[in-house]
Amino acid sequence: MSRLLGLDLSSNIGWALFDPNAPKERRVTFGTLPWGRADGEEDIAHKVRLCGQFGDWLNDRYMVDPWDAMAVEAPFLKPHDKVGKIKILIGLVGIAMEFAGSRKHPMPYIEVTPKEVKKRMTGRSDADKRDVIAACWSVGWKVGSDHAADACGVALVAYEQIFPKPRPQ
């Protein structure tokens, strides 16, 4: 069986590594990368640093704990979103796509929608973030943020799509 990295991309990046072959208590590992703005840091400098740190994190993490496929939660953009937010969301997705599509480690890559994550985790596509966090806790995943909770859902939805169980004949 293969391992999959699920990502919730924003200024606080949630990640979850799903490994169905690991013992139950380590089947899903997760966290949040809280790369906030440094004191006095200008907006563009923060965005550049965030994108660089994310690319470095992917490469560094892969070197010590590789995975076979990746998935991200599709950016959810609203008409009133500021240009800066749109840039960072699309930029982070681009970095993830570049990683999955590189010659060094080509792998399957998909995007899943927030509604798919909510439905998989709670049974309802209209669930809120507290419901997704509660769903993670109910199975023993003590996530510390909605970003990590969303990444867990991304990993589960994507795993079922990329590596479906064989159907009995």
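## The model

The structure is a predicted model, where local features need pLDDT of at least 70, side-chain atom pairs count only at pLDDT 80 or more, and totals for chains, interfaces and linings use all residues. Residues are numbered from 1 along each chain as its sequence is written, and side-chain values use heavy atoms, leaving out hydrogens and water.

Helices here are DSSP runs (H or I, at least four residues), strands are runs of E (at least two), and both are numbered from the N terminus. Two packed helices are described by the angle between their axes and the distance between the axes. Axes are lines fitted to C-alpha atoms, for helices over the stretch in contact, and angles run from 0 to 180 degrees between N-to-C directions.

α1 and α2 pack at about 25°, with axes 10 Å apart. That makes α1 roughly parallel to α2. Angles under 35 degrees count as roughly parallel, over 145 as roughly antiparallel, 65 to 115 as roughly perpendicular, and the rest as oblique. The crossing of α1 past α2 is right-handed. A crossing is right-handed if the near helix is turned clockwise from the far one by less than a right angle, and left-handed if anticlockwise.

Contact means heavy atoms within 4.5 Å. On the α1 side, the contact includes Leu50, Phe54 and Leu58; on the α2 side, it includes Ile88, Leu92 and Phe99. By class, the contact has 10 nonpolar, three polar and one charged residues. Ala, Val, Leu, Ile, Met, Phe, Trp, Tyr, Cys and Pro count as nonpolar, Asp, Glu, Lys and Arg as charged, and the others, Gly among them, as polar.

## Helix α4 and its partners

Helix α3 (residues 114–122) packs on helix α4 (residues 129–138) at about 40°, with axes 9 Å apart. The two are therefore oblique to each other. Their crossing is left-handed. Lys118, Met121 and Thr122 of α3 meet Asp131, Val132, Ala135 and Cys136 of α4. This contact has four nonpolar, one polar and two charged residues.

α4 also packs with α5, at an angle of about 70° and with axes 9 Å apart. These two are therefore roughly perpendicular. α4 passes α5 in a left-handed crossing. Here Lys129, Val132, Ile133 and Cys136 of α4 meet Asp146, Ala149, Asp150 and Cys152 of α5. The classes are five nonpolar, no polar and three charged residues.

## Two nonpolar cores

A nonpolar core is a set of buried Ala, Val, Leu, Ile, Met, Phe, Trp, Tyr and Cys residues joined through side-chain atoms within 4.5 Å. The largest has 26 residues, and Met121, Cys136 and Trp141 are among those with the most contacts inside it. Elements giving two or more residues include β2 (12–18), α3, α4 and α5 (146–162). α5 gives the most, with 11 residues.

Leaving aside neighbours within four places in sequence, Met121 touches Val132, Ala135, Cys136, Trp141, Gly153 and Leu156. A second, separate core of 24 residues includes Leu58, Val72, Ile88 and Ala96.

## Buried and exposed residues

Histidine 46 lies in helix α1 (residues 43–64). Histidine 46 is buried, at 8% relative accessible area. Buried means under 20%, exposed over 50%, and partly exposed in between (1.4 Å probe, protein chains only). Not counting residues up to four places away in sequence, histidine 46 touches Trp35, Gly36, Arg37 and Glu41.

Valine 83 belongs to helix α2 (residues 83–101). Valine 83 is exposed, at 55%.
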